[in-house]
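The following note comments on a structure for a colleague who is new to the subject. Please read the points in order, with the sequence and the model at hand.

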Amino acid sequence: MFHRVPCLLLLCLFLHTKVAAQEMPDMWNKGASSNTVHPGLKWFRQAKFGLFIHWGLYSKLAGRWHDSAYYGSGEWIMQRAKAPAAEYAKVAQTFNPIGFDASEWAATAKEAGIKYLVITAKHHEGFSMFDSKVTDFDIVDASPYKKDPMQALAAACKTQGIPFGFYYSQFLDWHEPNGGGNNWDFNNKEKDYQQYYRTKSIPQLKELLTNYGPLGLVWFDMPGGLTVDQTKAMIDSLRLLQPGCLFSSRVGHDLGDYRDFGDSEVPPVPIAGAWESIYTHNDSWGYIQHDLNFKSPEEIIHLLSNVASKGGNLMLNVGPDGNGQWPAYSVAYLKAVGKWLKIYGESIYGTTWGLIPAQPWGVTTSKPGKLFLHVWRMPANRQLRVPGVTAKIKSVKIPGTSSALTFKQLPEETIIQLPGTLPDTRNTVLVVEYSGQQADLSQLRTQTVSSQYPQAEIPAVWAVFNGNAKSKLFTYSHYFGDWKHDNCITNMLQPDDAVIFPLDIQDAGDYKVILDYACEPASASQQGLVTVGGQQLPFLTLTTGTYNSHLPMQFIQHAVGIVHIDKAGKQNLTVKPVSGNKNELCWLRKVILQPVK
């Protein structure tokens, strides 16, 4: 939780206060063991870019069951359609992915700059994509393919030098009478979950750790049915087989080796320790033929650099089709990211979080003696202003170019003169080499506002909280399982429940103030006040709808007025309710300041 101050006059005490890690809902068992540090975390933390692959019978269905099309998480189609287990199992009879080429998959991953690969050995549908002796419901025994694609893929990844790992759904298994999740075929009250673990889940995990060579990690999912002691016993038995293999946090009970955040979630501030953010390339993990909403190379590059700037890894998912081939967009766009990484990979691989906080132009990553400035947006005057560089700068260069950039290092900021055009408009990286020690300013609250960019967006997480105001993570979905996450300020009911945004306004002039928030019907028409530079902007909140975690969360960008800034410098922007309100003001996601042109 963030610290709170009882009085607005104490703001100066917070201008250099670091922000604590966010408290997140425990939907995905994000905790990892704090007692030991696994030696395998060294390669994991340096890797930064992983590839997730969801492949199973759902890939053959491609988002359709009988005459109905499904959107969102295609790998959940059996549960969503309430398909009878016996009928669903018949899909295996026509599952023959003769287009699968393990060498091609691994080579494409290598070309994309991928540093580790994880594939579904068994997802919730219960079908095993490997040759399992525990069940006949696997790709060798139940399908006409009659081969083990995991053997070929493990070997191909080894050839390419890519650490290989398995995803395994340890508790959910809709095919098994004693597996978790299927309550439309089987009676939950009659299930023996311990029997399921004894006869399928744990024996299959042992097969995976025995038959496919050294694994980089096992990516557990959907824990359940085990106590802490039972989970420890399972982990201990698996560790005997491969002590060097990492286990993800979704093994449950905070016993994993590293943290996985929720699907499509990036923490809003840098997080210490080893962690991973997982995203789909389109809107589904499993293949859906009609899902063409693929992230562009620019979106992937921004996502990768943003995750790295927070100190984590990005694992991006691809969903091959029922024939064993990747979507064409996935192949092309991942290869495009690989070309970017060939030039700028030093700014991603092996980095720690950026010592300089996010700026209107982009984000930063770090290595000893180097700062990497990821320039997503060119300032209009081509002068890149970087606050807080206290170490002695030796040079500023763009990888792949021969000449150094000119710069002026001042006590509070460094001004770098950019060329007329940047080599890569999606993300050109500047390498700043320095001597001495650079302070870690990554979590300072003060946010930069400049007229050289279309707008400045100030996230709620950087506010100073007073009274009962606090930050809360809201999780919601668009399509089924297409999760979104936003930190918002809540509990603003009384005038003392104010939030303050410390700003460094670099240019004098007029700025339009926009509040980005969600507002429940009961909170509509509550009175609020924005104050900045001695100017007040009163407003009434506007309703956006009722929050439901399984529906899109509605936000409004409410322009509340224009303020004039006489001179550049530090300013505090305050948002607070006025007296007399009966309900909380709103759920404030961010403040936007737009320079008036």
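**Cavities and aromatic rings**

1. The lining of the largest cavity is made up of five nonpolar and seven polar residues, with no charged residue. The model under review is a predicted one. The space inside this largest cavity amounts to about 60 Å³.

2. Which residues line the largest cavity? One part of the lining consists of His 281, Asn 282, Ser 284, Trp 285, Gly 286 and Tyr 287. The lining also takes in Phe 294, Asn 317, Val 318, Gly 319, Pro 327 and Ser 330.

3. Ser 330, one of these lining residues, deserves a separate remark. Ser 330 is placed in helix α10, which covers residues 328-344. Is Ser 330 buried or exposed? The relative accessible area of Ser 330 is 1%, and a residue under 20% counts as buried, so Ser 330 is buried.

4. When residues up to four places away in sequence are left out, Ser 330 touches His 281, Phe 294 and Val 318.

5. Among the residues that line the second largest cavity are Gln 359, Pro 360, Trp 361, Arg 385, Tyr 453 and Gln 506.

6. The aromatic rings form the next topic. The count of aromatic pairs comes to 34. One of them is formed by Trp 174 and Trp 184, whose ring centres are 6.3 Å apart and whose planes make an angle of 55°, a tilted arrangement. Trp 174 and Trp 184 both lie in the loop between β6 (164-169) and α7 (193-211), so the pair ties together parts that are ten residues apart in sequence.

7. Trp 174 is also buried, with a relative accessible area of 1%. Elsewhere, which residues do ring pairs link into a cluster? The cluster consists of Trp 55, Phe 95, Phe 100, Trp 105, Phe 127, Phe 137 and Trp 326.

How values were computed. Residues numbered from 1 in each chain as written. Predicted model: local features only at pLDDT ≥ 70, side-chain atom pairs only at ≥ 80, totals over all residues. Heavy atoms only, no water. 1 Å grid on protein atoms, 1.4 Å probe; cavity = no way out; pocket = protein on both sides within 12 Å on 5 of 7 lines; lining within 4 Å. Points joined across faces, edges and corners; volume = space filled by probe spheres on them. Nonpolar A, V, L, I, M, F, W, Y, C, P; charged D, E, K, R; others polar. Helix = DSSP H or I, 4+ residues; strand = E, 2+ residues; numbered from the N terminus. Buried < 20%, exposed > 50% of the residue type's maximum accessible area, 1.4 Å probe, protein only. Contact = heavy atoms within 4.5 Å. Phe/Tyr/Trp six-rings, centres within 6.5 Å; stacked < 30°, edge-to-face > 60°.
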